[in-house]
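Biologist: I would like to learn how to read a model like this one, feature by feature. Could you take me through it?

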2 protein chains.
Amino acid sequence: MIVNATETDGPQINDITARAGVFNQEEVDCVRDIFDEYISLGPDESGYNFIVDRDGDQIHGFACYGKRDLANGVFDLYWIAVDPNSRRNGAGRKLIAASEEAVRQLGGRMLIAETSGTTEYESTRRFYLGVGYEAEASIKDFYSEGDDLAIFVKRL
Amino acid sequence: MIVNATETDGPQINDITARAGVFNQEEVDCVRDIFDEYISLGPDESGYNFIVDRDGDQIHGFACYGKRDLANGVFDLYWIAVDPNSRRNGAGRKLIAASEEAVRQLGGRMLIAETSGTTEYESTRRFYLGVGYEAEASIKDFYSEGDDLAIFVKRL
């Protein structure tokens, strides 16, 4: 069941990010830091909304989205990650559909997902294309030399 | 002379942003808010660096840049604006060259400038192209319907 994340979900969210297999330590730390902001300041003031796919005490995955400043109705899907042990149960698709629905409710008309252009992220890019995102733009050598930024966009 | 901005430059920076003719009130307020963060927290903690083109007590223009999270050596040129009364004296070119030099000193290898694709911003886009930026990517209808995001990049 997709619900808003609460404080006690922090350790499992951190664990899923670390075990997802594609995020480096700086990225794992970043998710932890913005989750702390979401908990301490709330979604409105922090600008971050966290949702989780919860099954009893277990979290199968999470997503984090928030409004982009200075653009009308544009939201970023900052993070989405699913427990490697919970893949193939549709948690990713449920999380992204719930993020889109929440963004629509907040008046959003566009959701942007940024990811890497390396082969390591090929399944991530296929995932976005499979749920209706367009490969809208890219910036060559963005993350580092040979590691492009790939910008996916869905009009809601 | 291009120097780091100090607290007393705030009112003139705010005035230049308001009179630049292309920024709406939300954008003017945003510049004021991040300038306050730059002054109260400093460039390292706030993530914002402000420089000004100063001539005695007068500010001809300002630029604001900062490091992009989670990308190696990537900086954003968040804002650059020149007093309409000081145009044609090269303040814009001096400010962008000084921003690039400062970014290089901080280990940056890429500077990104985002602007609008509307005709109102045509001179801004020509300015970036004229100082060596590439029109790298765009997102259709980003700011609002009919108002695309144009992403300019310079490799340093």
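Modeller: Gladly; we will go from the whole chain to the sheet, the core and a few single residues.

Modeller: First, some ground rules: this is a predicted model, in which local features need pLDDT of at least 70, side-chain atom pairs count only at pLDDT 80 or more, and totals for chains, interfaces and linings use all residues. Residues are numbered from 1 along each chain as its sequence is written, while chains are lettered from A and ligands numbered from 1 in the order in which they are written.

Biologist: How many helices and strands does chain A have?

Modeller: Helices (H or I, at least four residues) and strands (E, at least two) are DSSP runs, numbered from the N terminus. Chain A has four helices and seven strands, and along the sequence they follow the pattern β-α-α-β-β-β-α-β-α-β-β. The radius of gyration, taken over C-alpha atoms, is judged against the globule rule, 2.2 Å times the number of residues to the power 0.38. Chain A has a radius of gyration of 15 Å, close to the 15 Å that the rule gives for 156 residues, so it is as compact as a globular protein of that length. Its C-alpha atoms fill a box of roughly 40 × 35 × 25 Å along the principal axes.

Biologist: In what order do the strands of the chain B sheet lie?

Modeller: Two strands pair if DSSP finds at least two bridges between them. In chain B, seven strands form an open sheet with mixed pairing, in the order S1-S2-S3-S4-S5-S7-S6. Strands S1 (2-4) and S6 (134-144) of chain B stand at the edges with a single partner strand each, so one side of each has no neighbour in the sheet. From one strand to the next, the twist averages 30°. Further in, S5(B) and S7(B) (residues 147-155) run antiparallel and are joined by seven bridges; Ala113(B) stands opposite Phe152(B) in S7(B).

Biologist: Which helix packs on that sheet?

Modeller: For angles, axes are lines fitted to C-alpha atoms, for helices over the stretch in contact, and the values run from 0 to 180 degrees between N-to-C directions. Helix H1 (residues 10-19) of chain B packs on the sheet, touching S3 (58-67) and S4 (74-82) of chain B, and its direction makes about 90° with that of S3(B). Contact here is C-beta atoms, placed from the backbone, within 7 Å.

Biologist: And which residues have the most contacts inside the largest nonpolar core?

Modeller: In soluble globular proteins, nonpolar side chains tend to be buried together. A nonpolar core is a set of buried Ala, Val, Leu, Ile, Met, Phe, Trp, Tyr and Cys residues joined through C-beta atoms within 7 Å. The largest one has 86 residues, and Phe62(A), Ala63(A), Phe62(B) and Ala63(B) have the most contacts inside it. Beyond four places in sequence, the contacts of Phe62(A) include Ala5(A), Ile51(A) and Leu95(A).

Biologist: Is Ile112(B) buried or exposed?

Modeller: A residue is buried with 20 or more other C-beta atoms within 10 Å of its own, exposed with 12 or fewer, and partly exposed in between, the C-beta atoms being placed from the backbone. Ile112(B) is buried because 22 other C-beta atoms lie within 10 Å. It lies in strand S5 (residues 110-116) of chain B, and among the residues it touches are Val74(B) and Ile151(B).

Biologist: Where is Leu70(B)?

Modeller: Leu70(B) sits in the loop between S3 and S4 of chain B. It has a positive phi of about 65° although it is not a glycine, and it is partly exposed, with 13 other C-beta atoms within 10 Å.

Terms used
Contact = placed C-beta atoms within 7 Å.
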